[in-house]
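Subject: Structure handover

Hello,

Please find the structure below, with the sequence. My notes on it come after.

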Amino acid sequence: MFKNYFKIAIRNLWKNKGFTFINIAGLAIGLSCFILITLYVIDELSYDRFYPNAERIYRVDADIKFGGNQLSLCTNSDPMGATLKKDYPQVEEFTRVYSSEGSKLVRKGNEYITEENIVYADSTFFNIFSQTVLSGDTKTALYEPNTVVISETAARKYFSTPNAAGQTLEIDKKPFKVTAVIKDMPQNSHFHFDFIMSMKNVEYGWNNFLSLNFQTYIRLKPGTDYHVFEKNFEQVTEKYILPQAKQLMTGLTTMEDFRKSGNMLSFYLMPLTKIHLYSHRFPEFEANGNIQYVYIFSAIALFILLIACINFMNLSTARSVNRAKEVGIRKVLGTGRKNLVTQFLSESTLMAVISLMVALAITYFSLPLFNNIAAKSFQFNNIFNFQFFPFLVALPFIVGILAGLYPAFFLSNFKPIVVLKGKINAGFKKNVLRSGLVVFQFFISIVLIVGTITVFKQLHFIQTTNLGFAKDQVIILNGADALGKNDETFKNEVLKLPGVKSGTMSGFLPVTSSRSDYSYSKEAVMDPKNALSMQSWTVDYDYINTMGMQIIKGRNFSRDFGTDSSAVILNETAAKVLEFNDPIGKRLYLNYPGQDSMELQVFTIVGIVKDFHFESLRQNIFPLGLRLGHNNTRMSFRITALDSKPLLSKIQGLWKSLAPGMPFSYQFMDDAFSKMYRSEQRVEQVSITFSILTILIACLGLFGLVTYMAEQRTKEIGVRKVLGASVPNLVAMLSKDFLKLVAIASLFAFPVAWWVMHKWLQDFAYRINIEWWVFILAAFIALLIALLTVSVQAIKAALANPVKSLRTE
């Protein structure tokens, strides 16, 4: 029986090659998109789940609102982890990771290499984050100072073998013993370290609960509800943080006093498995994903697959006239409805299996492009892993049944007498379901078009808005501290080069770079009401001019004023928080804990700089102060040269002469700025790609529908031509019903598209408005594409010889 079904299915598919090609092409593209996006979604949801007891591991996060500033931190104080373990038996283990010192120089032969993925960690790190050990022992690896655990990549890079335990590495000109080599951390981890140094090398602390610079992870005992455990942070705050805060601020008796002044200090536990998709705090080890994008891409994958299935349903029911006599004859000969349904489902499943084979081929060739867009490194064999393969096997049967179910029941329901008399009408107008499915297809297409245009406009706004500084034509030299005492000499020599306009030396830049937050006050004694919490950047005399910033009140730092070593320039936001009538000449006080006692520094406000964006446009501009000092971790030069390559070659030559063996690393500020929005750029690329594919699949279905509609109306077209109807009139007649459906789809799509993109834009503090013309443009694009698709076949039908049409009928 099934062999017979298979033969009939093959014969029908081969007989209707056009129908078969359109259906297989649409299903294959839809399945390929579905497979690629499903791979992405599964990968995004798998982050950090491979660690033992991952469901019991949490990071201690902090939210702070103080002195006009608001911080969402993924770091905590030096003693927080040890305190939680000591005071609360629910805490099974803790570890800290410290990365505030940034990149380091690692020696290889006579040269030094800048390494970015380098941190300090407690000896308990591997108790929580178990790693595959290739040599050495992670259990005792970080007990002693001057010890380091390295990745397999680092071991092969510096020792040409993973068996490097016991070897010595020179890091920042200090010897470190390699105590273990671990396998490279999996891609689906929220951090990737190549060098993990002993925390005993960190000179930090004095049990300071007010300085939050450590990523602190804890593992709770089984059965502990982390939401309940979070309530203990109020006790920790009162017992440990409040006494130290009292040393800085007068008038502070309880944390309630702190909150009544409009301030806030809260601690939370972030589950390890949620960090990648739900955490966007400062300073994350790496750029995380976004659960919104997982939802969006999941919806896109599902909708693309649905559109492909809808095409099959529409084309199968539309060509029912071609199968009507077959159904009628088979029913007369005694074939039951069940057998007919099985026959048609067999055909749809066979087509889905063939489509899957084609989809796998498309996936294989498109995977490198998808990896590039999504910043992943999927291999084709990932499709056949134990998680995905069973679903892949079931997919064509699920799709085949879903897509074929309605056509099967529709066709098997034909009455043989009506069919054999030729009275069956499968015309377009009378099939409400088919019209609804076409509306749904273009509804999805228009939503995606609106989304793509909105993402493009927001990214364009980011690139073109006035940032408060000039990001173009600025070269940033990283690791300039490698110059040592030659830094000023190097800077002056570069400034002599033709094409260099100005230069500055500072690790603090309005793109991803160093950050430093301090709490100042308007009076010598701080209280919760007179405090100002702000970014405090060390810069030189040429910083503001080189960055293209604007002093709107007072003056810039000047070598003519010897007192500028204790001067500060505030941004507009900081000046507003202070509420001085005239801030110029006013003093700010900085109390910070020294090793033995509190130390007080006094700064005089000499200028106000126009607000500039020093974080992503997702965030508001917060208070910031610039202080004069020496910070040579980076140098930045504003250039006028149109061709930067010869200039960079000369700068590199100067570098090699003054810092032999040290790595020369540079980037352009506009590129560094663009990297801050890499995830949005990927969303734009993915949106464009899948919008095009969605429209392509919808148009394939539309093309097939018009083809079969034209076949059904061959006699009518011939009669109309004989009676004098023009080609444009016939094209309009065949097209107008489809274009009406696209117009209806637009009306449904507009509010949904507005809601989705409005929600997406809420992630940006500075954002565009979604203007009315975006929706009109999206509808116009959809109508135009639909018109072109329909017109190709409509014109062909209208140009056909009416004599042949009528003779055929």
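This is a predicted model: local features need pLDDT of at least 70, side-chain atom pairs count only at pLDDT 80 or more; totals for chains, interfaces and linings use all residues.

Residues are numbered from 1 along each chain as its sequence is written, and side-chain values use heavy atoms, with hydrogens and water left out.

Overall

The chain has 25 helices and 25 strands; these are DSSP runs numbered from the N terminus, with helices being H or I of at least four residues and strands E of at least two. Of its 809 residues, 54% are buried (under 20% relative accessible area, with exposed over 50% and partly exposed in between; 1.4 Å probe, protein chains only). Taking contacts (heavy atoms within 4.5 Å) between residues at least 6 apart in sequence, 80% join residues at least 24 apart.

Cores

A nonpolar core here is a set of buried Ala, Val, Leu, Ile, Met, Phe, Trp, Tyr and Cys residues joined through side-chain atoms within 4.5 Å. The largest has 111 residues, and F442, W537, Y543 and L626 have the most contacts inside it. Helix α15 (residues 432-464) gives the most to this core, 14 residues. Leaving out residues up to four places away in sequence, L626 touches W537, V539, Y543, I544, F557, A567, V568 and I569. Another core, of 34 residues, lies apart from it and includes A62, L84, F209 and L269.

Helix pairs

Axes are lines fitted to C-alpha atoms, for helices over the stretch in contact, and angles run from 0 to 180 degrees between N-to-C directions. Angles under 35 degrees count as roughly parallel, over 145 as roughly antiparallel, 65 to 115 as roughly perpendicular and the rest as oblique. A crossing is left-handed if the near helix is turned anticlockwise from the far one by less than a right angle, and right-handed if clockwise.

Helix α16 (residues 487-495) and helix α19 (residues 644-658) have axes that come within 10 Å and cross at roughly 155 degrees. That makes the two roughly antiparallel, and their crossing is right-handed. On α16 the contact involves T489, F490, E493 and V494, and on α19 I651, L654, W655 and L658. These divide into 6 nonpolar, 1 polar and 1 charged (nonpolar: Ala, Val, Leu, Ile, Met, Phe, Trp, Tyr, Cys and Pro; charged: Asp, Glu, Lys and Arg; polar: the others, Gly among them).

Helix α3 (residues 80-87) packs on helix α7 (residues 233-248) at about 110 degrees, with the axes 12 Å apart. The two are therefore roughly perpendicular, again with a right-handed crossing. M80, T83, L84, K86 and D87 of α3 meet F233, V236, K239 and Y240 of α7. This contact has 5 nonpolar, 1 polar and 3 charged residues.

Single residues

Y293 lies in helix α10 (residues 291-318) and is buried, at 5% relative accessibility. Y293 touches S679, E680, V683 and W760, not counting residues up to four places away in sequence.

A cis peptide bond joins F282 and P283, with omega about -5 degrees; P283 is in the loop between α9 (275-278) and α10.

N53 is not a glycine but has a positive phi of about 60 degrees. N53 sits in the loop between α2 (17-45) and β1 (57-66) and is partly exposed, at 32%.

Regards
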